[in-house]
Amino acid sequence: MEPPSSASDSRRTVLVVDDFDDTRLLLRTWFERRGFRVIEAENGLQAINCAQTESLDLIIMDVQMPQLDGLAATRQIRSVKKLGSIPIVAVSAYGADQFRELALAAGCNEYVSTPFEPSTLEGIVRALVQ
Amino acid sequence: MLTRFRAVLPALLLLILYPVMVQSLSAQCTQKIATLPAAPELFGFRLGMTKDEIKQIVPAAVFPRTDHFGVAKTTINPHFDPKIDQKKYEGVRSISLDLLDDRLVSLWIGFDENFRVQNIDEFMKLISDSLKVNGRWSSWRSRGQQMRCDGFQVIVATLAGGPSLRVLDMSAEDTVAARRQEKEEQDSLAAAATTEAAELTPEIVADKQTKTYYPNGCHPAKEIAEANRIIFKTVEEAEKAGFKVAKNCH
């Protein structure tokens with residue numbers, strides 16, 4: 001994980017939560033190219049901790065992770081009132097038909113099934129982070 | 001005897017099948033999208049409404065760009081989004097709106113554990129009455145119930161401890177599927193054309209040792225050793241690299 005940003009850092013901050021290093025690296029690169037500051041977490045517990053200590057503009061949440069999965073982490077984040085408005089996008093390999101409603105019911109703002117087209121993620125991020 | 005039996009057989013069959021036919025006909029939902037009532041459970045949303053009309057109901061709604069197929073999805077989250085009036089959406093956890101060509105084609109409402117009806121059978125009855133859909137419910141993907149009406153489908157299921165409702169324009173699914181297929185065919189044709197073009201373009205084989213190249217299908221008299229073999233895409237590329245055309249290829 002990264003240290004907290006300095007007060008002068010005006011970039012939007014995204015928390016990328018995924019237990020796979022390569023997926024985090026891929027998303028980090030993608031977001032950094034678009035001017036985001038990126039923080040990483042490897043599981044749901046780390047994600048909750050980051051959400052409480054960092055000022056986040058967006059969370060990209062993998063669904064299947066060890067220790068605490070993405071949906072359970074989302075439910076916990078949503079239960080904290082001050083964290084309620086952070087947009088959370090769930091990401092997983094499950095088909096959207098089966099899984100989107102479940103992700104939304106857990107408190108995610110949107111769901112993206114992998115592999116996804118960059119333009120899909122771009123559109124969602126633009127809509128959620130204004 | 002047999003002849004008499006044959007004569008009455010059609011009448012007998014009709015007598016047996018009549019109740020089944022009547023029951024089957026009465027199980028058909030005849031409700032249409034255009035005449036769906038503005039049920040309180042739909043919170044003012046209706047299939048076919050435009051993005052601007054949705055914005056009038058939910059000014060905070062944000063729509064991403066439409067995708068390749070003309071689809072844009074957005075969600076409204078009264079549970080945790082401070083920009084949404086929670087009182088207006090009492091008992092609702094989240095609402096998902098799918099638009100095709102800027103028209104609402106799928107509406108999903110996830111109710112929470114405080115919604116006045118929690119039992120799925122009672123919820124089905126509530127929806128049947130509210131939407132005036134008079135057909136028979138059938139199993140949907142082993143986790144819910146569905147009813148197909150004239151041009152749309154209603155699906156109810158229990159999700160995350162509360163009932164949920166989806167109202168879906170069935171023709172929109174067909175449209176998206178057709179567009180997806182068309183794009184796949186176009187992509188496939190484009191890929192084939194690229195491969196064909198690459199195959200038609202002759203490669204320029206060259207010999208690093210002799211610094212000569214063999215254009216337009218001209219072959220060296222003797223096979224070039226693998227270590228000395230180099231391929232150029234164009235004659236210009238070979239010339240630029242300092243290679244000369246082989247004498248027997250003029």
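Begin by selecting Arg37(A), which is part of strand S2 of chain A, a strand covering residues 37–41. The structure on the screen is a predicted model, and this tour moves through it one selection at a time.

**First stop: Arg37(A)**

Display the side chain of Arg37(A). With a relative accessible area of 4%, this residue is buried, because the limit for that class is under 20%. The side chains of Arg37(A) and Thr13(A) are joined by a polar contact of 3.1 Å.

**Second stop: Glu42(A) and Arg24(A)**

Over all chains, the structure holds 21 salt bridges. For one of them, select Glu42(A) and Arg24(A), whose side chains form a salt bridge with an N to O distance of 3.9 Å. Glu42(A) sits in the loop between S2 and helix H2 (44–53) of chain A, whereas Arg24(A) belongs to helix H1 (residues 21–33) of chain A, so this pair ties together parts that are 18 residues apart in sequence.

Which of the two classes, buried or partly exposed, applies to Glu42(A)? Glu42(A) is partly exposed, at a relative accessible area of 40%. Arg24(A), in turn, is buried, at 6% relative accessibility.

Turn to chain B and select Arg116(B) and Glu41(B). Their side chains meet in a salt bridge of 2.6 Å, N to O. Arg116(B) is found in the loop between strand S3 (103–111) and helix H3 (120–131) of chain B, and Glu41(B) in the loop between helix H1 (2–26) and helix H2 (51–57) of chain B, so the pair ties together parts that are 75 residues apart in sequence.

Arg116(B) is exposed, with a relative accessible area of 58%, whereas Glu41(B) is buried, with a relative accessible area of 3%.

**Last stop: Lys125(B) and Asp129(B)**

Finally, select Lys125(B) and Asp129(B). These residues form a salt bridge in which the closest N and O atoms are 2.9 Å apart. Where do the two partners lie? Both are in helix H3 of chain B, 4 residues apart, which is about one turn of the helix. Lys125(B) counts as exposed, at 53% relative accessibility, because that class begins over 50%. Asp129(B) is partly exposed, with a relative accessible area of 44%.

Key. Residues are numbered from 1 along each chain as its sequence is written. Chains are lettered from A and ligands numbered from 1 in the order in which they are written. This is a predicted model: local features need pLDDT of at least 70, side-chain atom pairs count only at pLDDT 80 or more; totals for chains, interfaces and linings use all residues. Side-chain values use heavy atoms; hydrogens and water are left out. Helices (H or I, at least four residues) and strands (E, at least two) are DSSP runs, numbered from the N terminus. Buried means under 20% relative accessible area, exposed over 50%, partly exposed in between (1.4 Å probe, protein chains only). A polar contact is a pair of N or O atoms within 3.5 Å; within protein, one must be able to donate a hydrogen and the other to accept it, and residues adjacent in sequence count only if both atoms are side-chain atoms. A salt bridge is a side-chain nitrogen of Lys or Arg within 4 Å of a carboxyl oxygen of Asp or Glu.
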